[in-house]
Amino acid sequence: MSQQQATPVGDISGPAKDGGSGAADAAARAAKAGAGEKQPASVRVVLFALMIAMLLAMLDNMIVGTAMPTIVGELGGLDHLSWVVTAYTLATAASTPIWGKLGDLYGRKGIFLTSIVIFLIGSALSGMAQDMGQLIGFRVVQGLGAGGLMVGVMAIIGDLIPPRERGKYQGMMAGVMAVAMIGGPLVGGTITDHLGWRWSFYINLPLGAVALFMITAVLHLPKKRSQARIDYVGAILLTVGITALVLITTWGGTEYDWLSGQIIGLGAVGVAAIAGFVLVERKVAEPVLPLHIFGNRNFSLITVIGFLVGFVMFGSMTFLPLFQQIVQGASATNSGLLLLPLLLGMMAVSLVAGRITTSTGKYKAFVVIGGGLLVVGLALLSLMDVGTTRFVSSVYMVVLGAGMGFLMQTTMLIAQNSVEMKDMGVGSSSATLFRTIGGSFGVAIFGAIFTNHVQSAMTERMGKAGAAMPTAQMDPKGLEKLPAAMKDAYMHAVAGGTHQVFVWGALISVIGFATAWFLKEVPLRGGPAPKPVAE
């Protein structure tokens, strides 16, 4: 066993057939570990490094968001503040499918290390920015690298660990998400207060360096030298389409009216780009996003479910802290802690579901149960009003978190199990992309529903004074300065707005719950070999 522990992960002794035998060897070792052997130490080291990279991808916006007021105070450019986040989100979403395809063509390890390096270069440059224009440009560089971090983590795990054994690690990945959601605002505030906002970016450098060193030293996957031409036309069309969709969700209802010429024009550009992309992908020899993967029933269904999970998850997690701060009077300083019941529920259920999936090979029931709990959790949250206690809202959040725990990693597991090993990168990137786009639409649409209700409620309760109130800029400190009647009206308006958000979230989640029933229980790769039938 000691010799096995010294073997680099994915190392192979002969040429790789289709570039996948090294990954297959690693997967075989992981399967043996699941049958009773201890997991090789090198696999555990690589997983630790991958979790660091995953943490970088998830933590960045949450840390930077806390530093925004200080950044504006030093660099100016308040009018362009939103672009610090939008530029990063755009670059991340647009580059995600391209990183996945490059990993399939030229080898997972080199492409993943490249994405880390680009992310770290963008982080260093962002920390050195001297004005808002530079910061936005450097955030694009950082976002381009971030696009490869999450898909690289998922694809490498897909290469190393067969789906049947991957459930053991679902709790680990859910834990990373919990750390990012809770720790991001806390770390960001501490860094900004004691080291300055530039360290909100510089903090990525030592973490990224550790991940780089560990992956370079321990992970050895087969190198690929594909002779296929890169689908530049398809990549450009897909990038334009994704960019248009993200800008619609970012600008709609805020910068421009939903029916304005700008938003309608972006919609037309997006539809035309996606239509052109589909036509191109049908003809090229090596498409950037092979359409044949959507011919798999489970992959198409789980993509829809992933989109809806992103839609309701990011939407609900945007408005829950707002309700707790404005209506329940919670402190905004530790805003990450407000989501602790939801994240603990998600992490605990993900851990249990993963273990059961590994031992039984069954997963469909978890998607169905998760979809049902998502509906119930959002319906319960829609019952909250100005009299709801923090304990009651925490119980409701646990139910919602349990639903997410059943779905978050299981959807990726099914997506990866539904594609061939040679398409692991594009399968992982597609699942990640649709969840990201779903989240963008969820935040935008729920935001429009919330804002419209708050504005109409304030007008109804307070007349012209309520209509003139800058509701979008209200925070707990500003709320305390309002007259008692105005404060009470605003609290009721926010409670009503979140009620509307969660009602619509529950209704949309019903679609995901119904879709889950049509999944087929396809055996997971890497399971125990069938026992021979005695004659």
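Let's start with Arg108: this residue is buried, at a relative accessible area of 7%, where buried means under 20%, exposed over 50% and partly exposed in between, using a 1.4 Å probe and protein chains only. Keep in mind that this is a predicted model, in which local features need pLDDT of at least 70, side-chain atom pairs count only at pLDDT 80 or more, and totals for chains, interfaces and linings use all residues. Residues are numbered from 1 along each chain as its sequence is written, and side-chain values use heavy atoms, with hydrogens and water left out.

So what does Arg108 pair with? Its side chain meets that of Asp104 in a salt bridge, 2.7 Å from N to O; the term covers a side-chain nitrogen of Lys or Arg within 4 Å of a carboxyl oxygen of Asp or Glu. Asp104 is buried as well. The side chain of Asp159 also forms a salt bridge with Arg108, at 3.1 Å, N to O. Arg108 sits in helix α5 (residues 108-127) and Asp159 in helix α6 (residues 132-160), so this pair ties together parts that are 51 residues apart in sequence. Through shared partners, Asp104, Arg108 and Asp159 make one network. Asp159 counts as buried too, at 6% relative accessibility. The count of salt bridges comes to two.

Now zoom out. The protein chain has 20 helices and zero strands, both taken as DSSP runs numbered from the N terminus (H or I, at least four residues, for helices; E, at least two, for strands). Of its 535 residues, 55% are buried.

Next, the nonpolar packing. A nonpolar core here is a set of buried Ala, Val, Leu, Ile, Met, Phe, Trp, Tyr and Cys residues joined through side-chain atoms within 4.5 Å. The largest one has 116 residues, and Leu50, Met54, Phe112 and Leu343 have the most contacts inside it. Leaving aside residues up to four places away in sequence, Phe112 touches Leu50, Ala53, Gly148, Leu149, Gly152, Val153, Ile156 and Ile215, a contact being heavy atoms within 4.5 Å. A second, separate core of 14 residues includes Ala67, Val84, Met132 and Trp197.

One last stop is Thr388, in the loop between α15 (364-381) and α16 (390-417). Thr388 is buried, with a relative accessible area of 14%. Its side chain reaches the backbone nitrogen of Asp385 at 2.8 Å. Not counting residues up to four places away in sequence, Thr388 touches Gln328, Leu383 and Ser393.

Technical notes
A polar contact is a pair of N or O atoms within 3.5 Å; within protein, one must be able to donate a hydrogen and the other to accept it, and residues adjacent in sequence count only if both atoms are side-chain atoms.
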